[in-house]
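Biologist: I have the model open and want to go through the packing. Can you take my questions as they come?
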Amino acid sequence: MMRKLIFLFTYLGISVLGNAQVKLPKALPNVAQAVQGLKSLGQGMESGPSIEEIGAGLKEALDAGVATGVSQLSRVGGFAENLLYRIPLPPEIQSVEEKIRKNPLLNAGIGPKLDGLIAAMNQGAEVAVKEATPIFKEAITDMTIKDALGILQGGDGAATAYLRQETSDGIQAAFAPIIEAALKTVDAGRYWTPLIQAVNANKKVLGLTEDIEPDLPTYVNARAREAMYKEIGIQEQKIRKDPLARTSALLKSVFGSKIAQG
(Lines give C-alpha, C1' and ligand atoms only; values in the text may rest on other atoms or scores of the structure.)
Protein backbone atom coordinates (compact mmCIF):
# COMPACT_ATOMS: atom_id res chain seq x y z
CA MET A 1 0.00 0.00 0.00
CA MET A 2 2.78 2.37 0.96
CA ARG A 3 4.57 1.68 -2.32
CA LYS A 4 1.41 2.50 -4.28
CA LEU A 5 1.07 5.85 -2.46
CA ILE A 6 4.71 6.74 -3.08
CA PHE A 7 4.34 5.86 -6.73
CA LEU A 8 1.14 7.93 -6.97
CA PHE A 9 2.71 11.06 -5.39
CA THR A 10 5.80 10.65 -7.55
CA TYR A 11 3.65 10.43 -10.68
CA LEU A 12 1.63 13.49 -9.70
CA GLY A 13 4.80 15.48 -8.99
CA ILE A 14 6.26 14.64 -12.36
CA SER A 15 2.98 15.55 -14.05
CA VAL A 16 2.88 18.96 -12.36
CA LEU A 17 6.45 19.72 -13.29
CA GLY A 18 5.77 18.55 -16.79
CA ASN A 19 2.80 20.88 -17.11
CA ALA A 20 4.81 23.76 -15.69
CA GLN A 21 7.53 23.18 -18.28
CA VAL A 22 4.94 23.18 -21.01
CA LYS A 23 3.37 26.46 -19.89
CA LEU A 24 6.62 28.33 -19.27
CA PRO A 25 7.49 29.01 -22.91
CA LYS A 26 4.16 30.85 -23.32
CA ALA A 27 5.51 33.64 -21.10
CA LEU A 28 8.92 33.83 -22.76
CA PRO A 29 7.84 35.85 -25.84
CA ASN A 30 6.51 38.61 -23.52
CA VAL A 31 9.81 38.79 -21.68
CA ALA A 32 11.71 38.83 -24.95
CA GLN A 33 9.49 41.59 -26.31
CA ALA A 34 10.00 43.69 -23.21
CA VAL A 35 13.77 43.29 -23.40
CA GLN A 36 13.74 44.13 -27.10
CA GLY A 37 11.54 47.14 -26.42
CA LEU A 38 14.00 48.50 -23.88
CA LYS A 39 16.84 47.95 -26.32
CA SER A 40 14.94 49.78 -29.07
CA LEU A 41 14.14 52.67 -26.75
CA GLY A 42 17.78 52.96 -25.78
CA GLN A 43 18.87 52.81 -29.38
CA GLY A 44 16.30 55.48 -30.30
CA MET A 45 17.59 57.79 -27.61
CA GLU A 46 21.17 57.16 -28.65
CA SER A 47 20.39 57.79 -32.31
CA GLY A 48 18.74 61.17 -31.66
CA PRO A 49 20.70 64.45 -31.47
CA SER A 50 22.56 65.21 -28.27
CA ILE A 51 21.95 68.38 -26.27
CA GLU A 52 25.13 69.84 -27.71
CA GLU A 53 24.05 68.97 -31.25
CA ILE A 54 20.67 70.60 -30.70
CA GLY A 55 22.38 73.82 -29.59
CA ALA A 56 24.76 73.74 -32.54
CA GLY A 57 21.94 72.91 -34.96
CA LEU A 58 19.78 75.81 -33.79
CA LYS A 59 22.70 78.21 -34.11
CA GLU A 60 23.42 76.95 -37.61
CA ALA A 61 19.78 77.38 -38.58
CA LEU A 62 19.66 80.92 -37.22
CA ASP A 63 22.95 81.81 -38.91
CA ALA A 64 21.54 80.54 -42.20
CA GLY A 65 18.31 82.48 -41.73
CA VAL A 66 20.13 85.72 -40.98
CA ALA A 67 22.58 85.26 -43.86
CA THR A 68 19.78 84.62 -46.34
CA GLY A 69 17.67 87.47 -44.96
CA VAL A 70 20.50 89.98 -45.23
CA SER A 71 21.42 88.72 -48.69
CA GLN A 72 17.85 89.01 -49.96
CA LEU A 73 17.16 92.45 -48.53
CA SER A 74 20.51 94.15 -49.10
CA ARG A 75 20.66 93.47 -52.83
CA VAL A 76 19.58 96.19 -55.26
CA GLY A 77 15.79 96.15 -55.30
CA GLY A 78 15.65 93.98 -52.18
CA PHE A 79 12.99 96.30 -50.75
CA ALA A 80 11.63 98.28 -53.68
CA GLU A 81 10.99 95.27 -55.93
CA ASN A 82 9.48 93.07 -53.23
CA LEU A 83 5.81 93.74 -52.51
CA LEU A 84 6.19 92.14 -49.09
CA TYR A 85 8.91 94.56 -47.95
CA ARG A 86 8.57 97.63 -50.15
CA ILE A 87 8.53 100.70 -47.91
CA PRO A 88 5.64 103.03 -48.71
CA LEU A 89 5.41 106.69 -47.79
CA PRO A 90 5.14 107.51 -44.08
CA PRO A 91 1.53 107.32 -42.79
CA GLU A 92 1.26 111.10 -42.47
CA ILE A 93 1.95 111.49 -46.19
CA GLN A 94 0.02 108.40 -47.24
CA SER A 95 -3.13 110.10 -46.02
CA VAL A 96 -2.74 112.86 -48.62
CA GLU A 97 -0.94 110.95 -51.39
CA GLU A 98 -4.16 109.96 -53.17
CA LYS A 99 -5.33 113.56 -53.23
CA ILE A 100 -2.00 114.67 -54.65
CA ARG A 101 -2.06 111.96 -57.34
CA LYS A 102 -5.62 112.87 -58.37
CA ASN A 103 -4.93 116.60 -58.62
CA PRO A 104 -3.12 117.29 -61.94
CA LEU A 105 -1.49 120.48 -60.70
CA LEU A 106 -0.35 119.04 -57.36
CA ASN A 107 0.75 115.79 -58.97
CA ALA A 108 2.86 117.65 -61.52
CA GLY A 109 4.68 119.54 -58.76
CA ILE A 110 4.70 117.01 -55.90
CA GLY A 111 4.32 113.63 -57.64
CA PRO A 112 7.98 113.32 -58.69
CA LYS A 113 9.05 114.17 -55.14
CA LEU A 114 6.83 111.35 -53.82
CA ASP A 115 8.36 108.88 -56.27
CA GLY A 116 11.89 110.02 -55.50
CA LEU A 117 11.32 109.72 -51.76
CA ILE A 118 9.91 106.20 -52.04
CA ALA A 119 12.93 105.11 -54.06
CA ALA A 120 15.34 106.76 -51.62
CA MET A 121 13.75 105.17 -48.55
CA ASN A 122 13.95 101.70 -50.03
CA GLN A 123 17.53 102.16 -51.18
CA GLY A 124 18.45 103.44 -47.72
CA ALA A 125 16.95 100.35 -46.10
CA GLU A 126 18.93 98.11 -48.46
CA VAL A 127 22.14 99.82 -47.40
CA ALA A 128 21.27 99.61 -43.70
CA VAL A 129 20.47 95.90 -43.41
CA LYS A 130 24.00 95.02 -44.50
CA GLU A 131 25.07 96.20 -41.06
CA ALA A 132 22.65 93.94 -39.17
CA THR A 133 24.65 90.71 -39.33
CA PRO A 134 27.05 91.32 -36.38
CA ILE A 135 24.17 92.16 -34.03
CA PHE A 136 22.31 88.97 -34.88
CA LYS A 137 25.55 86.97 -34.70
CA GLU A 138 26.13 88.13 -31.12
CA ALA A 139 22.63 87.08 -30.07
CA ILE A 140 23.06 83.68 -31.71
CA THR A 141 26.46 83.12 -30.08
CA ASP A 142 25.03 83.96 -26.65
CA MET A 143 22.13 81.49 -27.01
CA THR A 144 22.09 78.93 -24.19
CA ILE A 145 21.20 75.23 -24.34
CA LYS A 146 17.96 76.06 -22.52
CA ASP A 147 17.17 78.66 -25.18
CA ALA A 148 17.93 76.13 -27.91
CA LEU A 149 15.63 73.45 -26.49
CA GLY A 150 12.85 75.99 -26.04
CA ILE A 151 13.25 77.18 -29.64
CA LEU A 152 13.36 73.65 -31.07
CA GLN A 153 10.20 72.61 -29.24
CA GLY A 154 8.54 76.01 -29.58
CA GLY A 155 7.30 75.38 -33.11
CA ASP A 156 6.88 77.79 -35.99
CA GLY A 157 8.43 81.20 -35.42
CA ALA A 158 10.12 80.35 -32.11
CA ALA A 159 13.63 81.07 -33.41
CA THR A 160 12.56 84.37 -34.96
CA ALA A 161 10.75 85.36 -31.77
CA TYR A 162 13.93 84.64 -29.82
CA LEU A 163 16.01 86.82 -32.12
CA ARG A 164 13.44 89.61 -31.96
CA GLN A 165 13.47 89.53 -28.18
CA GLU A 166 17.25 89.47 -27.97
CA THR A 167 18.09 91.96 -30.73
CA SER A 168 15.20 94.41 -31.14
CA ASP A 169 16.66 97.20 -29.01
CA GLY A 170 20.18 96.62 -30.34
CA ILE A 171 19.05 96.61 -33.97
CA GLN A 172 17.02 99.79 -33.47
CA ALA A 173 19.95 101.61 -31.87
CA ALA A 174 22.48 100.30 -34.39
CA PHE A 175 20.24 101.09 -37.34
CA ALA A 176 19.63 104.71 -36.27
CA PRO A 177 22.95 106.19 -37.49
CA ILE A 178 23.12 103.71 -40.36
CA ILE A 179 19.68 104.68 -41.64
CA GLU A 180 20.49 108.38 -41.40
CA ALA A 181 23.77 107.86 -43.24
CA ALA A 182 22.07 105.63 -45.82
CA LEU A 183 19.35 108.21 -46.48
CA LYS A 184 22.05 110.81 -47.00
CA THR A 185 23.93 108.45 -49.30
CA VAL A 186 20.89 108.07 -51.55
CA ASP A 187 20.16 111.81 -51.22
CA ALA A 188 16.73 111.35 -49.64
CA GLY A 189 16.79 114.94 -48.41
CA ARG A 190 16.61 116.14 -51.98
CA TYR A 191 13.08 114.76 -52.10
CA TRP A 192 12.11 114.85 -48.45
CA THR A 193 12.51 118.52 -47.58
CA PRO A 194 10.77 119.92 -50.69
CA LEU A 195 8.02 117.31 -50.33
CA ILE A 196 7.18 118.27 -46.75
CA GLN A 197 7.34 121.93 -47.64
CA ALA A 198 5.02 121.40 -50.61
CA VAL A 199 2.53 119.32 -48.59
CA ASN A 200 2.42 121.84 -45.77
CA ALA A 201 2.07 124.74 -48.23
CA ASN A 202 -1.01 123.04 -49.67
CA LYS A 203 -2.42 121.61 -46.47
CA LYS A 204 -5.81 123.32 -46.83
CA VAL A 205 -6.30 121.88 -50.30
CA LEU A 206 -5.22 118.48 -48.95
CA GLY A 207 -7.56 118.68 -45.98
CA LEU A 208 -4.86 119.04 -43.33
CA THR A 209 -5.44 121.27 -40.31
CA GLU A 210 -1.78 121.61 -39.36
CA ASP A 211 1.72 121.07 -40.72
CA ILE A 212 3.11 117.55 -40.74
CA GLU A 213 6.59 116.70 -39.47
CA PRO A 214 7.20 112.96 -39.95
CA ASP A 215 10.41 111.46 -38.55
CA LEU A 216 11.72 109.81 -41.71
CA PRO A 217 14.78 107.98 -40.25
CA THR A 218 12.72 106.47 -37.41
CA TYR A 219 10.05 105.35 -39.86
CA VAL A 220 12.53 103.70 -42.26
CA ASN A 221 14.34 102.15 -39.29
CA ALA A 222 11.15 100.43 -38.10
CA ARG A 223 10.25 99.17 -41.57
CA ALA A 224 13.75 97.81 -42.19
CA ARG A 225 13.76 95.95 -38.86
CA GLU A 226 10.37 94.39 -39.49
CA ALA A 227 11.49 93.24 -42.94
CA MET A 228 14.53 91.54 -41.42
CA TYR A 229 12.51 89.63 -38.83
CA LYS A 230 9.90 88.64 -41.39
CA GLU A 231 12.51 87.30 -43.80
CA ILE A 232 14.30 85.37 -41.03
CA GLY A 233 10.91 83.91 -40.08
CA ILE A 234 10.39 82.70 -43.64
CA GLN A 235 13.79 81.00 -43.64
CA GLU A 236 13.06 79.38 -40.26
CA GLN A 237 9.78 78.02 -41.59
CA LYS A 238 11.55 76.46 -44.57
CA ILE A 239 14.07 74.65 -42.37
CA ARG A 240 11.34 73.37 -40.05
CA LYS A 241 8.97 72.19 -42.77
CA ASP A 242 11.08 71.32 -45.80
CA PRO A 243 13.71 68.57 -45.46
CA LEU A 244 15.40 69.87 -48.62
CA ALA A 245 16.11 73.17 -46.82
CA ARG A 246 18.18 71.31 -44.21
CA THR A 247 21.43 71.63 -46.07
CA SER A 248 23.75 69.91 -43.59
CA ALA A 249 23.82 66.62 -41.70
CA LEU A 250 23.45 68.53 -38.44
CA LEU A 251 20.31 70.34 -39.59
CA LYS A 252 18.84 67.06 -40.84
CA SER A 253 19.56 65.37 -37.51
CA VAL A 254 18.17 68.16 -35.32
CA PHE A 255 15.11 69.24 -37.29
CA GLY A 256 14.26 65.72 -38.38
CA SER A 257 14.33 64.44 -34.77
CA LYS A 258 11.27 63.45 -32.77
CA ILE A 259 11.82 66.31 -30.34
CA ALA A 260 11.63 68.82 -33.19
CA GLN A 261 8.51 67.18 -34.62
CA GLY A 262 6.77 67.36 -31.24
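Biologist: At roughly what angle do the axes of H4 and H9 cross?
Modeller: This is a predicted model, to start with. In it, the axes of helix H4, residues 104-129, and helix H9, residues 216-241, cross at roughly 55° and come within 10 Å. That makes H4 oblique to H9.

Biologist: Is the crossing of H4 and H9 left-handed or right-handed?
Modeller: Right-handed, where H4 passes H9.

Biologist: Which residues meet there, between H4 and H9?
Modeller: From H4, Leu117, Met121, Ala125 and Val129. On the H9 side they meet Leu216, Tyr219, Val220, Ala224 and Met228. By class, the residues of this contact are nine nonpolar, with no polar and no charged ones.

Biologist: Staying in H4, what about asparagine 122: buried or exposed?
Modeller: Asparagine 122, which sits in helix H4, has a relative accessibility of 1% and therefore counts as buried, the cut-off being under 20%.

Biologist: What is asparagine 122 in contact with?
Modeller: Leaving aside neighbours within four places in sequence, asparagine 122 contacts Phe79, Ala80, Tyr85, Arg86 and Ile87.

Biologist: Back to H9. At what angle does H7 pack with H9?
Modeller: Helix H7, residues 158-185, packs with H9 at about 145°, and the axes are 8 Å apart. The crossing of H7 and H9 is right-handed.

Biologist: And how many nonpolar, polar and charged residues are in the contact of H7 with H9?
Modeller: There are 14 nonpolar residues, six polar and six charged in that contact.

Biologist: New topic. How many aromatic pairs does a search of the whole structure find?
Modeller: One. The partners are phenylalanine 136 and tyrosine 229, with ring centres 5.9 Å apart and planes at 85°.

Biologist: Why is the pair of phenylalanine 136 and tyrosine 229 edge-to-face?
Modeller: Because the planes of the two rings are at 85°, and planes over 60 degrees apart count as edge-to-face.

Biologist: Where in the chain are phenylalanine 136 and tyrosine 229?
Modeller: Phenylalanine 136 is in helix H5, residues 133-141, and tyrosine 229 is in helix H9.

Biologist: Buried or exposed, for tyrosine 229?
Modeller: Tyrosine 229 is buried, with a relative accessible area of 3%.

Biologist: What does glycine 57 touch?
Modeller: Not counting residues up to four places away in sequence, glycine 57 touches Leu250, Leu251, Val254 and Phe255. For valine 254, the C-alpha to C-alpha distance from glycine 57 is 6.1 Å, while the two lie 197 residues apart in sequence.

Biologist: Now the whole chain. How many helices and strands are there?
Modeller: The protein chain has 11 helices and zero strands. Its pattern along the sequence reads α-α-α-α-α-α-α-α-α-α-α.

Biologist: What share of the residues of the protein chain count as buried?
Modeller: 36% of the 262 residues count as buried.

Biologist: Last one. Of the contacts between residues at least 6 apart in sequence, what share join residues at least 24 apart?
Modeller: In the protein chain, 80% of those contacts do.

Conventions: Residues are numbered from 1 along each chain as its sequence is written. This is a predicted model: local features need pLDDT of at least 70, side-chain atom pairs count only at pLDDT 80 or more; totals for chains, interfaces and linings use all residues. Side-chain values use heavy atoms; hydrogens and water are left out. Axes are lines fitted to C-alpha atoms, for helices over the stretch in contact, and angles run from 0 to 180 degrees between N-to-C directions. Helices (H or I, at least four residues) and strands (E, at least two) are DSSP runs, numbered from the N terminus. Angles under 35 degrees count as roughly parallel, over 145 as roughly antiparallel, 65 to 115 as roughly perpendicular and the rest as oblique. A crossing is left-handed if the near helix is turned anticlockwise from the far one by less than a right angle, and right-handed if clockwise. Contact means heavy atoms within 4.5 Å. Ala, Val, Leu, Ile, Met, Phe, Trp, Tyr, Cys and Pro count as nonpolar, Asp, Glu, Lys and Arg as charged, and the others, Gly among them, as polar. Buried means under 20% relative accessible area, exposed over 50%, partly exposed in between (1.4 Å probe, protein chains only). Rings of Phe, Tyr and Trp (its six-membered ring) pair if their centres lie within 6.5 Å; planes under 30 degrees apart count as stacked, over 60 as edge-to-face and the rest as tilted.
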